[in-house]
Amino acid sequence: AQARMVTEWFEGRELALAIGMNLSIARVGTIVNNNISPRVAARWGVPAALWLGLATCILSLLSTLLTVLIDKAVPSHTYQPPGLRKRTASQATLPGPATNTANRRRNSGIHPAFWLLVAACFLFWGCMVPYNNVASDYLQARYYGDDAYTANLAMSIPDGLAMLLIPFLGHWVDHTGYRLTLLVMGSSALCLGHGWLALGSWGAAIPQLFIIGFGYAALLGFWACVPIVCQPHRHALAYGLFTSVMNLAVTVIPLAIAA
């Protein structure tokens with residue numbers, strides 16, 4: 001729903017930057033959680049950390065209600081700064097030869113290339129979140145002994161770097177259109193970073209985590225592709241499918257690893 005709303009407000013210009021800012025703020029939440037929750041639990045107990053989590057959920061709910069009020073007060077279709085609502089030809093009409101099959105696909109509102117993006121998103125997320133679930137223990141066992149605080153600080157490097165890079169990458173994508181290039185670069189960074197992290201056992205894991213952080217930032221490419229391969233009336237469905245396969249990856253991949 002959030003992605004659909006952002007798409008309505010920023011369609012045609014600065015869309016990748018707007019989505020990137022949302023993703024960047026999400027990374028801030030992960031960084032804060034990794035560093036604050038262990039300290040709160042150590043000082044005041046685990047229940048205190050849970051109450052802190054409830055407080056953040058309440059703030060999120062209040063922010064959502066405020067966003068709904070703003071969106072109703074100023075509907076996106078009435079808010080049109082110069083050039084904001086311009087749509088490129090590739091967004092207005094899906095590419096493809098003028099055949100019956102292509103026409104059916106075009107009329108469905110979803111280009112076949114979208115399903116390749118869904119598969120890539122599943123694999124991308126399957127590398128990212130299951131690793132984060134065990135990263136603290138792994139970094140302690142392989143690099144930092146039993147120093148949980150140092151390991152948690154190291155865990156924050158990928159998300160911290162992604163938080164800084166995502167807005168700039170979003171601005172770059174908006175002005176160059178190199179969405180797929182960003183995805184290829186991000187996938188390559190994840191392969192290199194995780195491979196190096198698994199094989200290396202000397203010193204700190206700082207370089208590997210910086211490389212992985214760039215890969216996290218490249219997740220922006222998936223969301224930025226939606227307006228190109230899907231018609232506007234299919235954007236909400238597309239974002240929903242992305243979210244579903246992300247959750248599917250988080251469910252299936254850890255089970256496969258455990259087996």
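Is Trp 115 buried, partly exposed or exposed? In this predicted model, Trp 115 is partly exposed, because its relative accessible area is 47%, a value between the cut-offs of 20% for buried and 50% for exposed. Phe 114, by contrast, counts as buried because its relative accessible area is 0%, which is under 20%.

| Residue | Relative accessible area | Class |
|---|---|---|
| Phe 114 | 0% | buried |
| Trp 115 | 47% | partly exposed |

**Aromatic rings**

The structure contains eight aromatic pairs. One of them joins Phe 114 and Trp 115 in an edge-to-face arrangement, with 5.1 Å from centre to centre and 75° between the planes. Both residues also belong to a cluster linked by ring pairs, together with Phe 124, Phe 222, Trp 223, Tyr 239 and Phe 242.

**Helix H2**

Helix H2 covers residues 15-44. Just after H2, Gly 45 adopts a positive phi of about 100°.

The buried residues of H2 include Leu 15, Ala 16, Ile 19, Leu 23, Arg 27, Asn 34, Asn 35 and Val 40.

Conventions:
Residues are numbered from 1 along each chain as its sequence is written. This is a predicted model: local features need pLDDT of at least 70, side-chain atom pairs count only at pLDDT 80 or more; totals for chains, interfaces and linings use all residues. Side-chain values use heavy atoms; hydrogens and water are left out. Helices (H or I, at least four residues) and strands (E, at least two) are DSSP runs, numbered from the N terminus. The expected span of a helix is 1.5 Å times one less than its number of residues. Buried means under 20% relative accessible area, exposed over 50%, partly exposed in between (1.4 Å probe, protein chains only). Rings of Phe, Tyr and Trp (its six-membered ring) pair if their centres lie within 6.5 Å; planes under 30 degrees apart count as stacked, over 60 as edge-to-face and the rest as tilted.
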